[in-house]
Amino acid sequence: MSTTDVSAKDVMALRQKTGLGMMDCKKALIAAGGDADAAEAALREKLKGKMDTRADRAAGEGCIAIAIDGSNAAIVEMRAETDFTARNESFRELASQIATNALSGADGDIALDDAMTKALDEVRITTGENISLARGMKMSGGSFGSYLHHDSKLGVLLQFEGELPEDLSTGICQHVAANVPTPMAVDEHGLPGELVALKAGEAKAEAENSGKPAEIVAKIAEGKMRKFFEEVTLLGQKYVRDDSKQIASLLPKGTTLKHFARLQVGGA
């Protein structure tokens, strides 16, 4: 096929689909005999190899996206190489699509399906960057509150049962986002068993070193563990908006916090 048989309109249409340069699109159309679908498929296949080599490049930027629909919710962290791409509308929309798509999936860690993998590849092609789903979590049951920081680099999803005013659910999410130390679990039952055992051993040893009677030693150790739980659990911590109150004291009667997820771009 000659170059004169490829219209500028066809070249522009292919460019809009792939985000590639005009010359690349024109050459692909010529090679495909003017078949736009074949040209697009050839370009994507050609670029797939290039995209795979990008996987080794560091992706230190990104965004968090949250989706909630009734009793289903999801939170994801998407990664990109540059802040420019992380703020790009197509990248943010991809993150939102993946979170929304996860709502119909199984609870737990989120994995990309074929449709979302294709959508991710589209953005990788148009941006020329290593873009990936870093991590994500889907939850179901009860109700949800959420908080997304203004730069979309930090987000919190809170799962609860019962009644919780929106302002309070948002406030608790902001507490999870901002408090130091960051809560490790809703309550002591959610903490790793080995950590609790380690701290209990330390508390007992410190209490025994006090030289107090056995019954006093037990109370000292118990007090140390209670203080530890207050420091690292969400229900035990002082509310970041009002440090005169514990989170547990803010909950309406019959309301329980079930789980929370805190994602920060580049975080552990």
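Phe144 has Gln159 in β6 as its bridge partner. The strands β5 and β6 pair in the antiparallel sense over 6 bridges, where pairing requires at least two bridges found by DSSP between two strands. Strands (E, at least two residues) and helices (H or I, at least four) are DSSP runs numbered from the N terminus. The model is a predicted one, in which local features need pLDDT of at least 70 and side-chain atom pairs count only at pLDDT 80 or more, while totals for chains, interfaces and linings use all residues. Residues are numbered from 1 along each chain as its sequence is written, and side-chain values use heavy atoms, with hydrogens and water left out.

In the hairpin of β5 and β6, 5 residues lie between the strands, and Ser152 takes a positive phi near 60 degrees. On β9, strand β6 (residues 154–161) pairs in the antiparallel sense over 8 bridges. Leu158 stands opposite Phe260 in β9, and Gly155 has Leu263 in β9 as its bridge partner.

Together these strands form an open sheet of 3 strands in the order β5-β6-β9, with antiparallel pairing. Its edge strands, β5 (143–148) and β9 (256–264), each pair on one side only. Of the 8 residues of β6, 7 are buried, that is, under 20% relative accessible area with a 1.4 Å probe and protein chains only, against over 50% for exposed and partly exposed in between.

A search of the whole structure finds 1 aromatic pair. The ring centres of Phe228 and Phe229 are 5.8 Å apart and their planes stand at 50 degrees, so the pair is tilted; rings of Phe, Tyr and Trp (its six-membered ring) pair if their centres lie within 6.5 Å, and planes under 30 degrees apart count as stacked, over 60 as edge-to-face and the rest as tilted. Both Phe228 and Phe229 are buried.
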